[in-house]
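Colleague: Please show me the model, and let us discuss a few of its features.

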Amino acid sequence: MLCYEKPEHEDSKDELNAPEDTRPYIRVIAAQPDSFEENSLDAVTIKEHERCLPRDYRLDFVADEDLFFILGPKDIIKASQRSFDDHIKWLIERSEFEEALDELKSSSSQKEAKIFTYQVVALKYIEFLIVSKQYKEAADWCSKIKLDVRNWEEKILIFAKDGKLEEIYEKIPSSQPTLSPVIYEKVLNEFLRLRNYHVFKYLITKWPCDIYDLKCITSVVLDVQSKDNNQTLLKSLAILYEYQKLLDKSFVIYINLGDQAVFDFLVKHNLYECAFENIIQLIELDKDKAIGVLVDNVDKLPVKRCLLYTSRRG
């Protein structure tokens, strides 16, 4: 139906004069069993509409081609049945992203979508969430869809720039896809800068050590540790040394920290010579565990040798 939207206060007697809004409207009405239901009402901007009156317009229909034409004195507008892409675009323009994504989930809808695929709409939704400062939701969506390397790296850099890496660090992939080493180093360095050593330790434990420059990160940790003798940072350094097979350095850190992990560490890496040289400290740390290590590995740590060593140190 082609019509005008007439303000309630307008005088109904002067129907031939143009109303305040001079644009014609297309109203779509669906017939119901006992009534009619309005589906949409959209203004149509026609050339020189401000000079036109209601009688100057006509709505024609070409049935064979399922086309409508809105005719005015200076313009003709063709209207066709909207495509699925048109519908998705309409939802996006109204920020109804989740509704659009729900509609795109079905296989039939995915075949209909030529422009606004599920991936395209999801990326637009992530951008919308970031602009809206909804970082946690944006990070969740980054992990829900299969972002390629470029998109992952772009999003991580945006989060870093906005100081919101804590919202996305758990979602960052270490494989399938594997990102540039620069990205992983950027994230690790940022958490060191923020003195968020717990997250730093979590990431170096979770990520494979070959996806970033291990020596470079170790150097940065040493520099930070020279100014901040934090225990979590020292444990992180021990982990980095272990990755580089500098096991004696890791052992020294654990035993100096009085960390019970030193017992499992020495057994795991067969560091019995280190254990021998530090047997007194191990006994002071946990006598039962130290004796257990001695008993279980008597071939590598002869009791006589240990007793002789402890008596001399005593």
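**Surface, sheet and helix**

Modeller: M1, I29 and F36 make a nonpolar surface patch of about 350 Å². Patch residues have over 30% relative accessible area and no salt bridge, like charges being joined within 9 Å and nonpolar side chains (Val, Leu, Ile, Met, Phe, Trp, Tyr) within 5 Å. A salt bridge is a side-chain nitrogen of Lys or Arg within 4 Å of a carboxyl oxygen of Asp or Glu, and areas come from the Shrake-Rupley method with a 1.4 Å probe, only the protein chains shown counting as cover for residues. The model is predicted: local features need pLDDT of at least 70 and side-chain atom pairs pLDDT 80 or more, while totals for chains, interfaces and linings use all residues. Residues are numbered from 1 along each chain as its sequence is written, and side-chain values use heavy atoms, without hydrogens and water.

Colleague: Is I29 buried, partly exposed or exposed?

Modeller: Buried means under 20% relative accessible area, exposed over 50%, and partly exposed in between (1.4 Å probe, protein chains only). I29 has 37% relative accessibility, so I29 is partly exposed.

Colleague: Which strands stand at the edges of the sheet?

Modeller: Strands are DSSP runs (E, at least two residues), numbered from the N terminus, as are helices (H or I, at least four); two strands pair if DSSP finds at least two bridges between them. The open sheet has three strands in the order β1-β2-β3, with antiparallel pairing. Each edge strand has a single partner, so one side is left without a neighbour in the sheet: these are β1 (2–3) and β3 (36–43).

Colleague: Which residues does H87 touch, beyond those up to four places away in sequence?

Modeller: H87 lies in helix α1 (residues 84–93). Contact means heavy atoms within 4.5 Å. Leaving out residues up to four places away in sequence, H87 touches R82 and E103.
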